[in-house]
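The sequence and the structure come first, and the description follows.

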Amino acid sequence: MDWISRFLTLIAWGGAGVLIFLLYRIAHFYQVTSGQSTRYRLFVIPLALLLLGGLRYATVGDWNGDVIGNTLQLAGGAALIAMSLFLVRRMTGGRR
(Lines give C-alpha, C1' and ligand atoms only; values in the text may rest on other atoms or scores of the structure.)
Protein backbone atom coordinates (compact mmCIF):
# COMPACT_ATOMS: atom_id res chain seq x y z
CA MET A 1 0.00 0.00 0.00
CA ASP A 2 2.92 2.31 0.65
CA TRP A 3 4.12 2.15 -2.97
CA ILE A 4 0.66 3.15 -4.19
CA SER A 5 0.70 6.36 -2.17
CA ARG A 6 4.23 7.13 -3.38
CA PHE A 7 3.19 6.53 -6.99
CA LEU A 8 0.11 8.73 -6.61
CA THR A 9 2.27 11.45 -5.05
CA LEU A 10 4.52 11.39 -8.12
CA ILE A 11 1.51 11.49 -10.43
CA ALA A 12 -0.03 14.45 -8.57
CA TRP A 13 3.15 16.52 -8.52
CA GLY A 14 3.84 15.58 -12.13
CA GLY A 15 0.40 16.98 -13.01
CA ALA A 16 1.23 20.18 -11.15
CA GLY A 17 4.49 20.32 -13.09
CA VAL A 18 2.59 20.06 -16.37
CA LEU A 19 0.37 22.98 -15.35
CA ILE A 20 3.39 25.11 -14.45
CA PHE A 21 4.97 24.20 -17.78
CA LEU A 22 1.80 25.42 -19.53
CA LEU A 23 2.09 28.70 -17.65
CA TYR A 24 5.71 28.89 -18.83
CA ARG A 25 4.58 28.42 -22.44
CA ILE A 26 1.85 31.08 -22.06
CA ALA A 27 4.44 33.55 -20.76
CA HIS A 28 6.76 32.70 -23.64
CA PHE A 29 4.00 33.12 -26.20
CA TYR A 30 2.97 36.46 -24.73
CA GLN A 31 6.56 37.72 -24.80
CA VAL A 32 7.00 36.70 -28.44
CA THR A 33 3.71 38.20 -29.62
CA SER A 34 3.67 41.39 -27.56
CA GLY A 35 7.36 42.18 -27.40
CA GLN A 36 7.15 42.80 -23.64
CA SER A 37 9.56 40.97 -21.35
CA THR A 38 7.76 38.38 -19.22
CA ARG A 39 10.90 36.70 -17.83
CA TYR A 40 9.35 33.37 -18.76
CA ARG A 41 12.60 31.48 -18.12
CA LEU A 42 12.22 32.12 -14.39
CA PHE A 43 9.21 29.77 -14.31
CA VAL A 44 11.77 26.95 -14.29
CA ILE A 45 12.64 27.85 -10.67
CA PRO A 46 9.22 27.10 -9.12
CA LEU A 47 8.82 24.15 -11.46
CA ALA A 48 12.08 22.60 -10.25
CA LEU A 49 11.47 23.39 -6.58
CA LEU A 50 7.96 21.97 -6.55
CA LEU A 51 8.96 18.84 -8.46
CA LEU A 52 11.95 18.29 -6.18
CA GLY A 53 9.68 18.69 -3.16
CA GLY A 54 7.21 16.21 -4.62
CA LEU A 55 10.02 13.77 -5.35
CA ARG A 56 11.26 14.19 -1.80
CA TYR A 57 7.77 13.46 -0.46
CA ALA A 58 7.56 10.34 -2.61
CA THR A 59 10.95 9.01 -1.53
CA VAL A 60 10.52 9.75 2.18
CA GLY A 61 6.93 8.52 2.19
CA ASP A 62 5.76 10.93 4.90
CA TRP A 63 5.24 14.61 4.18
CA ASN A 64 4.30 15.48 7.75
CA GLY A 65 7.49 16.67 9.42
CA ASP A 66 9.85 16.48 6.45
CA VAL A 67 11.65 19.81 6.75
CA ILE A 68 13.50 19.58 3.43
CA GLY A 69 10.39 18.67 1.44
CA ASN A 70 8.31 21.33 3.16
CA THR A 71 10.98 23.97 2.54
CA LEU A 72 11.19 23.06 -1.14
CA GLN A 73 7.42 23.24 -1.46
CA LEU A 74 7.21 26.56 0.39
CA ALA A 75 9.96 28.14 -1.73
CA GLY A 76 8.44 26.76 -4.94
CA GLY A 77 4.97 27.97 -4.04
CA ALA A 78 6.19 31.44 -3.11
CA ALA A 79 8.20 31.70 -6.33
CA LEU A 80 5.19 30.52 -8.36
CA ILE A 81 2.90 33.09 -6.73
CA ALA A 82 5.40 35.88 -7.36
CA MET A 83 5.95 34.90 -11.00
CA SER A 84 2.23 34.47 -11.63
CA LEU A 85 1.40 37.88 -10.17
CA PHE A 86 4.13 39.46 -12.29
CA LEU A 87 2.78 37.76 -15.41
CA VAL A 88 -0.84 38.77 -14.70
CA ARG A 89 0.14 42.39 -14.14
CA ARG A 90 2.25 42.37 -17.29
CA MET A 91 -0.52 40.85 -19.41
CA THR A 92 -3.31 43.10 -18.08
CA GLY A 93 -1.24 46.26 -18.14
CA GLY A 94 -1.58 46.79 -14.40
CA ARG A 95 -5.37 47.21 -14.60
CA ARG A 96 -7.50 46.03 -11.71
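Predicted model: local features only at pLDDT ≥ 70, side-chain atom pairs only at ≥ 80, totals over all residues.

## Helix α1

Helix α1 covers residues 2-34.

Within α1, the residues G17, I20, Y24, A27 and Y30 are buried. The partners against which the buried residues of α1 pack are α2 and α3.

## Overall architecture

The protein contains three helices and zero strands, and its elements follow the order α-α-α from the N terminus. Along the principal axes, the C-alpha atoms fill a box of roughly 50 × 20 × 20 Å.

The protein has 96 residues, of which 25% count as buried. Its accessible surface comes to about 6500 Å², and carbon and sulfur atoms account for 70% of that area. Of the contacts between residues at least 6 apart in sequence, 60% join residues at least 24 apart.

In soluble globular proteins, nonpolar side chains tend to be buried together. Here the largest nonpolar core has ten residues: I20, Y24, A27, Y40, F43, L47, L50, L80, M83 and L87. At least two residues of this core come from each of α1, α2 (44-60) and α3 (67-92).

L80 is one of the core residues. Apart from neighbours within four places in sequence, L80 is in contact with I20, L23, F43, P46 and L50.

## A buried glutamine

Q73 is located in helix α3. Is this residue buried or exposed? Q73 counts as buried because its relative accessibility is 11%, which is under the 20% limit for that class. When residues up to four places away in sequence are not counted, Q73 touches W13, L50, G53, G54 and Y57.

## A nonpolar patch on the surface

Nonpolar residues also occur on the surface, where W3, I4, F7, L8 and I11 form a patch. Together these residues have about 560 Å² of accessible area.

F7, a member of this patch, has its place in helix α1. Its relative accessible area is 49%, so F7 is partly exposed; the exposed class requires over 50%.

Conventions
Residues numbered from 1 in each chain as written. Heavy atoms only, no water. Patch = residues over 30% accessible without salt bridge, like charges linked within 9 Å, V, L, I, M, F, W, Y side chains within 5 Å. Areas by Shrake-Rupley, 256 points an atom, 1.4 Å probe, with all protein chains shown as cover. Salt bridge = Lys/Arg side-chain N within 4 Å of Asp/Glu carboxyl O. Helix = DSSP H or I, 4+ residues; strand = E, 2+ residues; numbered from the N terminus. Buried < 20%, exposed > 50% of the residue type's maximum accessible area, 1.4 Å probe, protein only. Contact = heavy atoms within 4.5 Å. Core = buried A, V, L, I, M, F, W, Y, C linked by side-chain atoms within 4.5 Å.
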